[in-house]
Every structure is written in structure tokens, then in C-alpha cells.
Amino acid sequence: MSKGAVLRLSALSLLWGSVFLWIKISGYAFSPVEMVFVRLVLGAAVLLTIGVAKGQKLPRDKKVLGHMAVAAFLGNAVPWLLFAEGERTGSSNIAGIVSGTGPVWTLGAAVLLGSEKRLGAARIWGMAVGLLGVVLVAAPWSDGTHASTGSIICFVLGAVSFGSSFAYVGRFLAGRGIPVFMLAGGQLGIAALMTLVAVPFIGLEPVEWRTDSVIALIILGIVCTGFAVLLNTIIITKDGAAAAATVIYLMTVVSVVLGAVFLDEPLGWTVLLGTAAVLAATALLRRKPAPAPAPAPAADAAPASRVGTAPAAGAQ
């Protein structure tokens, strides 16, 4: 891997791994809905501006916009609100670890949507190990746990929603030729409108104007949401999707380290084992199942000259 690729991967891992730190600090002054709304607006502004500068246009097809709305609900509005709410009583490192189980839920949703036909033993083990990681970081047997039951529920539901959104986008939006910055920016914009509707009902709380919270929210929206997507696109283009996928390992570790260093969050044995389990699960889930063996020809099969060529084993 080139030096440039290493720098890009390191930068993106730091940006996405620090998200949970910035959420925690932003939460000192802003309610979850206020925080998420501002984050979505700032992120959408960055991406749509880049898209317009590149001559890209938003899709106008109503069906596509409908799918984008579902993706915005599952991938942005719901999980970001849940993680922000969970970090009110839970630590940022636990949020980062549970977020790392996203591939577990992505694969499960892909199976339900019919995008994945065969799992394979490694992926089944990966899903089981990922769930074990959640149990370890939750540590329900411990009285001195570093996360409340409510925060763990929020984190898990947020990871389920976020992971499911990837499967949904892959099933209904990928391969339609939608410009990447308009797809991502449009999705954030739609999620912002959804969140705006919720603000009068669950988001109007007195704002305590703290400098650290304001700075954290600006970084969260512009840098960790907007420019991080741009950097991820560059990595996929220059270094390949396989390289981009390694960010999930690194960001989980980054979130744990940042929480311990800057917020003095505990690193007990359950947190460390849970982190290892989530990383191992991600590695297992990346393994493709072996192709199914081609069926043996029947004894009374027609002559080869009269039978069409069979598709390759494992072809969809």
C-alpha cells in the first residue's frame, strides 16, 4: 500500500472514529435532535456544494427520491438520533464499539431483502461473534457498568438501523447512475427535513452556549460528515473498495482510544474483549462464501449441441 493510501486511510479512520467523541461533547449543550439537525444541514451543504461544483444534479425521479427518503430515515435520521440520545448516559467508546457491529446488521438485512442468497460458515460465525461483542461491552452482569441499559438499547438499535441502510441502498439505489455527492448530499438533506419536523416535539430544550460544544458540532457536521464522505470517495476511487473497508476496523479502535484519552472513559476487560470480538466479526463477515458446486448432469441429459450453456457456479 502506498504512503498516500496509508495517509488517506489514517485520516478517514480518525475522522469517523472521532465522531462519537464530538457527539459526547456536543451533547453538553445541545439536545440530540438539535445536534443531529445542525450536523445534517452542515454535512449536506458541504456535499451538495461539491456536487454542484462538479456539475452534478439531484435525481428527479419520484421513485428514486422515495428510496432516498427511506435511506435517509434508516441511515441518518434514526441512527444518529439514537446514538446522540444514547451518549447522554453512555460512554463514547461503547457507542463506537457497538457502531462497529454495523456489518452484522447489513448482512442480516441483505439476506431479508434477497441481496444475499448464501451466507457461508465464516459469515454465520461473524454474526455470532459480533453479537457476543455487544454483550461483552454491555456487561449486564456488572454493577459498575459504564453504560446504562437505555444507552445500550439506543446504540444497538442505531447500529441495526444504520447497517440496514447500507443493504437498502445496495438493493434499491446502487447502480442507478446517481452522482455520488448528490446521492449522499440529497440523502442528508432529506434526513435534515425529517429531523426538522421532529424538533418542535422532542428537540426544544434550552441551549447552553458552551464553546467546546459549538466547536465540536461544527467539526461533526462539516469535517466528520461532509468532508469525510469526500475522502471516502477518493479512497474508493484511488485505493479500491477493499482498502476503504478496512476503515471499519481502525475507526472502532480510534473511538475507544479517544474516549479513554480525552474523556477518561474506562477500559475494563469487557470493553477490550468486546472490541476484539467486533473486529474479529468484521473480518469474518468480509469473507465471501465458497461458490455452490455445479449440479451433476442427469443421465438422460440432451446432447450438448442442443442444450444452452449453464451459468457459472454461484452466478446470480
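A nonpolar surface patch of about 380 Å² is formed by V253, V257, V261 and F262. Such a patch consists of residues with over 30% relative accessible area and no salt bridge, with nonpolar side chains (Val, Leu, Ile, Met, Phe, Trp, Tyr) joined within 5 Å; a salt bridge is a side-chain nitrogen of Lys or Arg within 4 Å of a carboxyl oxygen of Asp or Glu. Accessible areas come from the Shrake-Rupley method with a 1.4 Å probe, and for residues only the protein chains shown count as cover.

The model is predicted: local features need pLDDT of at least 70, side-chain atom pairs count only at pLDDT 80 or more, and totals for chains, interfaces and linings use all residues. Residues are numbered from 1 along each chain as its sequence is written, and side-chain values use heavy atoms, without hydrogens and water.

F262 belongs to helix α12 (residues 247–262); helices are DSSP runs (H or I, at least four residues) numbered from the N terminus.

| Residue | Relative accessible area | Class |
|---|---|---|
| F262 | 57% | exposed |
| C154 | 14% | buried |
| C224 | 2% | buried |

The structure contains zero disulfides (pairs of cysteine sulfur atoms within 2.5 Å).

Definitions and conventions:
Buried means under 20% relative accessible area, exposed over 50%, partly exposed in between (1.4 Å probe, protein chains only). Patches are made of residues with over 30% relative accessible area and no salt bridge: like charges are joined within 9 Å, nonpolar side chains (Val, Leu, Ile, Met, Phe, Trp, Tyr) within 5 Å. Helices (H or I, at least four residues) and strands (E, at least two) are DSSP runs, numbered from the N terminus.
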